[in-house]
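Have the structure open and follow along.

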Amino acid sequence: MGEDRRLGGACVRQASPPVLIALAALLSVGPVGLALSIRGSRPAPPSVPATLGDIARAAGCSLTEFDADPRSNPPVSGRVDERVAADDGSYVGRRPPPPAGAMHAMFHGRVLVQYAPSLPAEELRALDRAVGADPAKVLLFANRTGMPAPVAATAYLTLMTCPRVDAGTLAAVRAFRARRADFGQRF
């Protein structure tokens, strides 16, 4: 263990070399461990949110943003007749809004989610549930322009097309809607 020695009239116990080595090791490692534990408890810095293009690509979809009317299919711009309107929500199982009404809604910041009439029923039900959960500022209807994609989301001068409806597509549609609702002309 150690030996007793007298120092200035007091009895002092001298530690053995192995005890001194262990104590030195603890004293040198302790501050490092404390620093690491404090550093590890800090919240991670906020991550940079993914762009809409990143989200679309991750879902297997394609996003195109235009500077001017591109004459795309489905359209992302066009003529508007203020007298023709369309209500928000799902048009699944009922007559789609008139094209002028859908365009009018888009110009006022609505997101149009369109599907090919040949979309499988289970995929259509998934889209319908997603829109039905929050029907504000979105219209879901069968496309009548012969668009080549099975699913498309449009906002003023923005088009996202998707090859199918799955969890990734639904997430991309939600992100599109969150970031492009109210993206109209404001006339």
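## The end of helix α5

Helices here are DSSP runs of H or I with at least four residues, strands are runs of E with at least two, and both are numbered from the N terminus. This is a predicted model, in which local features need pLDDT of at least 70 and side-chain atom pairs count only at pLDDT 80 or more, while totals for chains, interfaces and linings use all residues. Residues are numbered from 1 along each chain as its sequence is written, and side-chain values use heavy atoms, with hydrogens and water left out.

Helix α5 itself covers residues 167-180, 14 residues in total, and spans 20 Å from first to last C-alpha, close to the 20 Å expected at 1.5 Å a residue (the expected span is 1.5 Å times one less than the number of residues). At its start, a side-chain oxygen of Asp 166 comes to within 3.1 Å of the backbone nitrogen of Gly 168. The buried residues of α5 are Thr 169, Leu 170, Ala 172, Val 173, Ala 175, Phe 176, Arg 177 and Arg 180. Buried means under 20% relative accessible area, exposed means over 50%, and partly exposed is in between, with a 1.4 Å probe and protein chains only.

## The chain as a whole

The chain has five helices and eight strands. Read from the N terminus, the order is β-β-α-α-β-β-α-β-α-β-β-β-α. Of the 187 residues, 35% are buried.

## Two nonpolar cores

A nonpolar core is a set of buried Ala, Val, Leu, Ile, Met, Phe, Trp, Tyr and Cys residues joined through side-chain atoms within 4.5 Å. The largest one has 27 residues, and Val 113, Leu 127 and Met 160 have the most contacts inside it. Elements giving two or more residues to this core are α2 (52-58), β5 (111-115), α4 (121-133), β6 (138-142), β7 (151-155), β8 (158-162) and α5. Of these, α5 gives the most, with five residues. Apart from this core lies another, of 16 residues, including Met 103, Ala 105, Phe 107 and Phe 141.

Not counting residues up to four places away in sequence, Met 160 touches a set that includes Ala 56, Cys 61, Leu 63, Ala 172, Val 173 and Phe 176.

## A disulfide

How many disulfides does the chain have? The count comes to one, taking a disulfide as a pair of cysteine sulfur atoms within 2.5 Å. It joins Cys 61 to Cys 162, with 2.1 Å from S to S. Cys 61 sits in the loop between α2 and β3 (62-65) and Cys 162 in strand β8, so the pair ties together parts that are 101 residues apart in sequence. The link is right-handed, with 110° about the S-S bond, and both cysteines are buried.

## Helix α3 and the strands that cover it

Seven of the nine residues of α3 (residues 99-107) are buried, so this helix is largely enclosed by the rest of the structure. Among what covers these buried residues are β5, β6 and β7. After α3 comes Gly 109, with a positive phi near 95°.

Val 111 lies in β5 and is buried, with a relative accessible area of 0%; its contacts beyond four places in sequence include Lys 137, Thr 154 and Phe 176. Thr 154 lies in β7 and is also buried, at 0% relative accessibility. Beyond four places in sequence, Thr 154 touches Pro 74, Met 106 and Val 111, among others.

Most residues other than glycine have a negative phi, and most peptide bonds are trans. The peptide bond from Asn 73 to Pro 74 is cis, with omega near 5°, and Pro 74 lies in the loop between β3 and β4 (89-90).

Arg 71 is found in the loop between β3 and β4 and has a positive phi, near 60°; at 69% relative accessibility, Arg 71 counts as exposed. Lys 137, in the loop between α4 and β6, has a positive phi near 65° and is partly exposed, with a relative accessible area of 31%.

Methods: Polar contact = N/O pair within 3.5 Å; in protein donor to acceptor, adjacent residues only side chain to side chain. Contact = heavy atoms within 4.5 Å.
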